[in-house]
Every structure is written in C-alpha cells, then in structure tokens.
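User: Please take a close look at one part of this model and report what lines it. Then go on to its aromatic pairs, with the cut-offs for each term.

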Amino acid sequence: MQHLIPYAYITELASFTLLIAPLDQILAAAKLAFHKTEPPVTYLAGEEVGIFSRLIAVHNLATFRHAENGRHLLSLIEEADRPCLCIEHDPALFEDGPAFVERFVFACRDRAHEEGTTVLLLATEIDPVLLQVYGEADRAYYGTRLYRSKRNTLRGRMVGEDLMPGQQTLEEALR
C-alpha cells in the first residue's frame, strides 16, 4: 500500500519542510502543492530535474527557475514571491560544504518564517547535506514516517528530548 505524505506537511504556511520519500510519493506531494497554491508555485532545481521533469501534467501551475550554482540558488530563494516554494535537492549545488548548507537553511527558514512561505525541500534519497538540513528544518518526512526535527523553529526552542511517542529523530532512524 502506498503511504501518502500528510496533507498538513505540504500545505502549512510559514514552514520549512524536508520531504525525502520514494519518487511516487514526492510526485503526489508536489502535485498537491501545485494545486493548492494560487498564484503558481515557484520551483527551483539545479542541473538534475528528475522530479520536476516527471510533473508534466502540472507544469503550468509552476514557475520553474534553474539554479546554476549554490550562490544562484540562494538568490532565487530570496527573490521568490509565491506562497509556495518547492526546491528539488541537487547535491551539486552544495559542493561548497557545510557553511553553504547553513546559509541555504537560513535562507529557507527566513523565507518561511519571515514571509509566511511554505518551503518544501524535495528529495528521493538521503545524503549528508540533507542530514544537516534536517537538524534545522521545522520538520521532516522520510520514507513512510514522520520525524520531528531537533529544532522546533516556530517556537524558538530545542525539542531534542520531548518527541511524541513513537517518533524519533532521523539520525536515530538511520543508525
């Protein structure tokens, strides 16, 4: 049975959400995000557009912007003027290392919390960059389970010890 990413994870305003799931789940989530947003979604990607290229039926509901490198990605995030911003993870954009990832996370959180934008970072596989992002995102969805980030940025406090029963951090799940 296919597990769907919860509607609230895709539609909550003023949130930065990391979605890592099989391609069919990511496609369903992206289509839902595209349909629920007016005006169209802003969709950002690097050279690899594996997810966006499979969303042909809803391309008209998105403004696609190609990021040439990490610095360009940051400027596109800052320029985004839509209520929903989907970012397709491309490891090549993060070649500058952990310091760049921190700037990326700050830009996403700032867009979400200061501007009220729904920011979705989409990926089909976990990697070290996404583990670093996870620690600062408002929440994450990995595979078929919900995970609470170490940081609850909406309340401005760390929540490492007060997970809901049955929840765990993504690092614990990957051990």
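Analyst: The second largest pocket has 13 lining residues, with H89, P91, A123, T124 and E125 nearest its centre. A pocket here is an open set of points on a 1 Å grid over the protein atoms alone where a 1.4 Å probe fits, with protein on both sides within 12 Å along at least five of seven lines; lining residues have an atom within 4 Å of a point. The model is predicted, so local features need pLDDT of at least 70 and side-chain atom pairs pLDDT 80 or more, while totals for chains, interfaces and linings use all residues. Residues are numbered from 1 along each chain as its sequence is written, and side-chain values use heavy atoms, without hydrogens or water.

The second largest pocket holds about 220 Å³, the space filled by probe spheres set on the points. Its lining comprises five nonpolar, five charged and three polar residues.

Turning to aromatic pairs (ring centres within 6.5 Å; stacked under 30 degrees, edge-to-face over 60, otherwise tilted), the whole structure has six. F34 and Y43 make an edge-to-face pair, 6.0 Å between centres and 80° between planes. Both F34 and Y43 are buried (under 20% relative accessible area; exposed is over 50%, partly exposed in between). F52 and F64 are stacked, at 4.6 Å and 25°. F52 sits in the loop between β2 and β3 (62–66) and F64 in strand β3, so their pairing ties together parts 12 residues apart in sequence. F52 is buried at 9%, whereas F64 is partly exposed at 34%. F34, Y43, F52 and F64 form one aromatic cluster.

Definitions and conventions: Nonpolar A, V, L, I, M, F, W, Y, C, P; charged D, E, K, R; others polar. Buried < 20%, exposed > 50% of the residue type's maximum accessible area, 1.4 Å probe, protein only. Helix = DSSP H or I, 4+ residues; strand = E, 2+ residues; numbered from the N terminus.
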